[in-house]
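This report describes selected local features of one protein chain. The sequence and the structure come next, followed by the notes.

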Amino acid sequence: DKLDNDLVYRAIVKFFSEQGIIETEQGKDIDLNLEECKFIFWAYQENYLTDENFLKKFNQCQLQEILLGLKEGLDISFYENPEFDWYQMKEIREGLERSLDVKLYANPKFDVDQMQLIQDGLEQGVDVQMYAKTEFNSNQMFEILRGLHSKIDVSVYARPEFNSEQMSEIRLGLEIGLNVKDYAKPDIDARQMRMTRLRLWKRYM
């Protein structure tokens with residue numbers, strides 16, 4: 001019987017065709033190699049792909065990421081969610097492959113850049129919980145990660161009310177040992193912060 005999901009159907013048809021079991025032109029245009037088609041056929045036989053609702057929830061790229069996870073024996077429950085696009089699924093799958101604590105970023109509200117920054121922190125052994133929060137954008141996350149690398153007290157500026165430019169000015173001051181309390185205030189813009197930081201630095205020197 002033809003499956004409702006076109007990717008799965010064409011993959012299985014291509015597998016049978018390549019094996020000489022049937023003769024057809026169907027499925028030959030699918031962007032999967034024989035081994036991938038063989039795996040999809042196996043997954044279907046093992047009842048991973050027979051749930052009609054499951055198949056309808058995901059597009060072709062999302063389904064490929066789920067199939068790759070199944071093939072590697074990963075816990076796909078972390079990303080088996082249609083709210084993730086396939087790029088996000090890929091980041092979670094690769095994190096699982098590297099044994100990272102993916103639950104810290106397996107959230108549809110994180111974009112790919114945010115996920116990658118959290119992955120970087122996990123691999124580098126820093127406290128990613130300081131910035132693995134949806135209220136921070138990727139630029140803010142990057143500034144907090146840089147501060148963690150420098151082993152400074154990022155809690156001084158790891159607050160969503162600071163934009164990334166303000167965070168950068170506070171971080172730079174902390175890295176050279178300045179007392180940043182005079183300018184680490186959300187109502188002071190980055191330009192004013194920079195002027196204060198340079199003035200403090202000259203005094204400090």
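At 15% relative accessibility, Leu148 counts as buried, because the cut-off for buried is under 20%. The model is a predicted one. Leu148 belongs to helix H7, which runs over residues 138–149.

Leaving aside residues up to four places away in sequence, Leu148 touches Val126, Asp127, Met130, Tyr131 and Val154.

## Helix H9

Helix H9 covers residues 190–204, 15 residues in total. At 1.5 Å a residue H9 should span 21 Å, and its end C-alpha atoms are 20 Å apart, which agrees. At the N-terminal end, H9 is capped by Asp189: a side-chain oxygen of Asp189 lies 3.2 Å from the backbone nitrogen of Arg191.

Which residues of H9 are buried? They are Ala190, Met193, Thr196, Arg197 and Leu200. These residues lie on the same side of H9, because they cover an arc of only 120 degrees around the axis. An α-helix has 3.6 residues a turn, so residues three or four places apart point the same way. Arg191 and Lys202, on the other side of H9, are exposed.

## Packing of H8 against H9

Helix H8 (164–175) is included in what covers the buried residues of H9. The axes of H8 and H9 come within 8 Å and cross at roughly 10 degrees. Angles under 35 degrees count as roughly parallel, and H8 and H9 are therefore roughly parallel to each other.

On the H8 side, the contact is made by Glu165, Gln166, Glu169, Ile170, Leu172 and Gly173. On the H9 side, Ala190, Met193, Arg194 and Arg197 take part. Among these, Ala190, Met193 and Arg197 are buried residues of H9.

## Positive phi in two loops

Most residues other than glycine have a negative phi. Ser99 is not a glycine, yet has a positive phi of about 60 degrees. Ser99 lies in the loop between helix H5 (86–97) and helix H6 (112–124). With a relative accessible area of 67%, Ser99 is exposed, because the cut-off for exposed is over 50%.

Lys151 also has a positive phi of about 60 degrees without being a glycine. Lys151 is placed in the loop between H7 and H8. Is Lys151 buried or exposed? At 75% relative accessibility, Lys151 counts as exposed.

Conventions: Residues numbered from 1 in each chain as written. Predicted model: local features only at pLDDT ≥ 70, side-chain atom pairs only at ≥ 80, totals over all residues. Heavy atoms only, no water. Helix = DSSP H or I, 4+ residues; strand = E, 2+ residues; numbered from the N terminus. Expected span 1.5 Å × (residues − 1). Buried < 20%, exposed > 50% of the residue type's maximum accessible area, 1.4 Å probe, protein only. Arc of directions from axis to C-beta. Contact = heavy atoms within 4.5 Å. Polar contact = N/O pair within 3.5 Å; in protein donor to acceptor, adjacent residues only side chain to side chain. Axes fitted to C-alpha atoms, helices over the stretch in contact; angles between N-to-C directions. Parallel < 35°, antiparallel > 145°, perpendicular 65-115°, else oblique.
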